[in-house]
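Here are a few exercises to work through with the model open on your screen. Try each one before reading its solution.

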Amino acid sequence: MSLQIIINGLALGSVYAIIATGFSLIFNILKFSNFSHGALMTLSAFIGYFFAVTVNSSLLLVVAISMLAGGLVSCLGELIAFRKITLSNTSPIYFFVSSITLGTLYEGIVTIWVGPNFYNYPRFFETTVVKLGSIVISKSDLIMFISSCAALALLMLFIQKTKFGRALRSVSFDRETAGLMGIDVIRIIQLAFFLSGALAGLAGVFLGINYTLYPQLGNLVVKGFIASVIGGLGSVFGAVAGALLLGLTETLLINFAGSGYAPVFSFLIMLVFLLIRPQGIAGSNVQEKA
């Protein structure tokens, strides 16, 4: 495996890691996979795009606007689609159905707003590649990797070192006990949705820069779900590890077998993990309450 393939795989895996971490945050709290995450990612990416072309601003500001939009829309989605289910403490299947419906709503809004057309983010860099000897690195891939690493590191520090982070871990472990200990559970759930939405906005911008921006861009969220399964649903560290493994594997297969085989092997890897190690790399084995 050449160094060029490893670098490309890590860049791709870093975006998958952002998507998978957004998945894991919600799964940790409410024990369901939020499949509206992909459509939210698309919506946030388009908000960033139209801000970029209207204001002609820098990449940093576009990323900030997309992350803020993603976080706020995610909180609104939690209020509309999930709050009543949370308060009534019903079966997690209702969360799943509601997330599918909410994702369809987001995608419908984007389609009505922009139509079925394809869009390209404006060029933020004068030069598109960085050359290090024989290694050629796309500047967008490099910034994507650095930004993803920085966002994940800040998230880890927030979860491990802050009062809200400790409350987030407490609620993810046992919502009822955390509530009895004086933690505002609904407020912490909103925080989790805001962080998840902000990560969706970050991933959406870089996917939009690296690929064509279109209303069905959120379908790439499947890769984040696969990475979460490989890493262990409910584990943020596992989600990152699974995403990097998936990115490296896909890049390797694209290089040697062609891009057409990559999705097939992605699902095969997930199936292998489900059969051999269903708890994933990090060993997270979340069980539903009776």
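Two strands count as paired if DSSP finds at least two bridges between them. Keep in mind that this is a predicted model.

**Exercise 1.** Work out in which sense strand 1 and strand 2 pair, and over how many bridges.

*Solution.* Start by finding strand 1 at residues 129–132 and strand 2 at residues 135–138. They pair in the antiparallel sense, over 4 bridges. Next, look at leucine 132: its bridge partner in strand 2 is isoleucine 135. Finally, check the turn, where the hairpin has 2 residues between the strands and glycine 133 takes a positive phi near 65°.

**Exercise 2.** Decide how helix 5 and helix 8 are oriented to each other, and say what kind of residues make the contact.

*Solution.* First take the geometry: helix 5 (residues 139–161) and helix 8 (residues 185–210) pack at about 170°, with axes 10 Å apart. Angles over 145 degrees count as roughly antiparallel, so helix 5 and helix 8 are roughly antiparallel. Then list the contacts: among the residues that meet are Met144, Ala151 and Phe158 from helix 5, and Leu195, Leu202 and Phe206 from helix 8. Sorted by class, the residues of this contact come out as 11 nonpolar, 3 polar and 1 charged.

**Exercise 3.** Describe the second largest pocket: what is its volume, and which helix gives the most to its lining?

*Solution.* The volume is about 410 Å³. Of the 20 lining residues, Leu12, Tyr16, Tyr211, Glu250 and Ile254 are the closest to the centre of the pocket. Now go by helix: helices 1, 5, 8, 10 and 11 each supply at least two lining residues, and helix 1 gives the most, with 5. By class, the lining has 13 nonpolar, 4 polar and 3 charged residues.

Key: Residues are numbered from 1 along each chain as its sequence is written. This is a predicted model: local features need pLDDT of at least 70, side-chain atom pairs count only at pLDDT 80 or more; totals for chains, interfaces and linings use all residues. Side-chain values use heavy atoms; hydrogens and water are left out. Axes are lines fitted to C-alpha atoms, for helices over the stretch in contact, and angles run from 0 to 180 degrees between N-to-C directions. Angles under 35 degrees count as roughly parallel, over 145 as roughly antiparallel, 65 to 115 as roughly perpendicular and the rest as oblique. Contact means heavy atoms within 4.5 Å. Ala, Val, Leu, Ile, Met, Phe, Trp, Tyr, Cys and Pro count as nonpolar, Asp, Glu, Lys and Arg as charged, and the others, Gly among them, as polar. On a 1 Å grid over the protein atoms alone, a cavity is a set of points where a 1.4 Å probe fits but cannot get out, and a pocket is an open set with protein on both sides within 12 Å along at least five of seven lines; lining residues have an atom within 4 Å of a point. Grid points are joined across faces, edges and corners, and a volume is the space filled by probe spheres set on the points.
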